[in-house]
Amino acid sequence: MTRHDFTGLWVYLSASPLLGLTLTLLAYLAAWQLHRRAGGHPLVNPVLIAVLMLVGVLWLTGTDYDTYFDGAQFVHFLLGPATVALAIPLYGQIERLRRMALPLGLTLLCGATTAIVVAWVVGGALGASDASLISLAPKSVTTPIAMAVVEALGGLPSLTAALVIMTGIFGAMVAQGLFRLLGTRDPAVQGFAIGLAAHGIGTARAFQISAEAGAFAALAMATNGLVTALLTPWLLPWLSRWFA
Amino acid sequence: MLNAITLLLVFQLAGEVITRALALPLPGPVLGMALLFVTLVIRGGPGKSLHDTAHGLLGHLSLLFVPAGAGIMLHTDRLAGEWQALLAALVVSTLAALAVAALVLSALLRRRGRRP
C-alpha cells in the first residue's frame, strides 16, 4: 500500500463510525482479558483499563473525542435499555425487598447525605471552587441524573460526567477491600452499598460478586438517583452557608 | 430476543415521554426501569426471552460506560488546576458513603433479626 492509499483509507475510516465502535469493543475485550487473567481482581477494573487504552490511542492518532463518539455512541446508547433491563434482576429479589423496605430506605437517606456532604466539606476545605463543588456533589448517582441536577444548580455538567465515571471506577475498585475491613459479608448489604455510592459501574461490579448483590446494587442505584436529585438542591444552600 | 429488546425500548420510551411531560427530576430509563418492575410485579415475572435478553445485556454492563469514560480527555485542563482537592473529595466521600451504607444497613438488619 502506498502512502497516498494509506492516507485515503485513514481519511475514509476516521470519518466513519466503524472505527470508533470497533476500537471501543477491542479496548474493552483486551481490558476484560486482563481482568480475567488477574482472577477478576477489583483493582484491575475493566472500565478504567479500556478508557486508558482508548484515550491513549485517540491521543496518539490525534483523533478528537467528538469524532470517536460518532462511532462509540452505539455502545453508549445501550445504557438506556440496559438500565430498563435492571428491573429483571430486581424482580428476582422481590420477597427480600418487601421485607427490607424500611432498613433500605433509612440506609439510602444516610448514604446519600454522606456522599454529598462529605464531598462538599472535603473539597471546600482543600480550596475547590464553587462551580467544581456543585459539579462534584451528586457524583454518586448515574450520569444522566447527576448532569441534570448540576445543570439546574449552575455547575459544569460535562465535568460532572467525568467525576461520576471516576467515582464509579474508584468505588468498584475499593468496595470489597473496605467491606473486608468492616466485616460486611452479606451480599445484599455489599450490593446495596456499592450501588448507592458507585451507581452503574459499581452495579456492574456487584453482578460479579453475585446476582443477589447485583440486584441490590441496581435497587440502590435507582433509588439513590431519585433521592440525590431531590436532596442536592435542598442541601447545597445549607452547605455553602456553613462551610463557605 | 427481538420481542424482548423491543419491550425494553418501549419502556425506555415511555419513561422518556413521562419524565419530560411531567418535568420529573429523573432520567427516562430510570423511570422505564420502575415501570417495567411494576409491570413484572403485576404480571408475576418476566418470560424466558426477556429474562435471557436482560441477563445478556447486563453481562457486560461495564462496556457501556467506556465511551462516556473516554470523555475524561475533554477535562484535562479543567481538572489540572484543582485535581488534588477534587480527587481527595471524591475518594473520601465515596469511601464514607460505602462505609455508612454498609454499617447502617448491617446494623438495622441485625436489630430486626433479633426480634422475632
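## Helix packing in chain B

Helix axes are lines fitted to C-alpha atoms over the stretch in contact, and the angles between them run from 0 to 180 degrees between N-to-C directions. In this predicted model, helix H1 (residues 2-21) of chain B packs against helix H2 (residues 28-43) of chain B at an angle of about 120°, and their axes lie 7 Å apart. Angles of 65 to 115 degrees count as roughly perpendicular and those over 145 as roughly antiparallel, so H1(B) is oblique to H2(B). The crossing of H1(B) past H2(B) is right-handed.

On the H1(B) side, the contact is made by B:Phe11, B:Gln12, B:Ala14, B:Gly15, B:Glu16, B:Ile18 and B:Thr19. H2(B) contributes B:Gly28, B:Pro29, B:Val30, B:Leu31, B:Gly32, B:Leu35 and B:Leu36. Sorted by class, this contact of H1(B) with H2(B) has 8 nonpolar, 5 polar and 1 charged residues.

## Architecture of chain A

Chain A contains 12 helices and 0 strands, and its pattern along the sequence reads α-α-α-α-α-α-α-α-α-α-α-α. Taken along the principal axes, a box of roughly 70 × 40 × 30 Å holds the C-alpha atoms of chain A.

Chain A has 244 residues, of which 52% count as buried. When contacts in chain A between residues at least 6 apart in sequence are considered, 64% of them join residues at least 24 apart.

## Domains of chain A

The domain assignment divides chain A into domain 1 (3-77) and domain 2 (83-242). Over C-alpha atoms, the centres of domain 1 of chain A and domain 2 of chain A are separated by 27 Å.

The contact of the two domains takes 6 residues from domain 1 of chain A and 7 residues from domain 2 of chain A. On the side of domain 1 of chain A that touches domain 2 of chain A, there are 4 nonpolar and 2 polar residues, with no charged residues.

## Interface of chains A and B

The contact of chain A with chain B takes 89 residues from chain A and 66 residues from chain B. Helix H10 (residues 157-182) of chain A supplies the largest share of the chain A side, with 16 residues.

By class, the side of chain A that touches chain B comprises 64 nonpolar, 23 polar and 2 charged residues.

How values were computed
Residues numbered from 1 in each chain as written. Chains lettered and ligands numbered in written order. Predicted model: local features only at pLDDT ≥ 70, side-chain atom pairs only at ≥ 80, totals over all residues. Domains from an automatic or database assignment. Nonpolar A, V, L, I, M, F, W, Y, C, P; charged D, E, K, R; others polar. Helix = DSSP H or I, 4+ residues; strand = E, 2+ residues; numbered from the N terminus. Parallel < 35°, antiparallel > 145°, perpendicular 65-115°, else oblique. Left-handed = near helix turned anticlockwise from the far one by under 90°. Buried ≥ 20, exposed ≤ 12 C-beta atoms within 10 Å, placed from the backbone.
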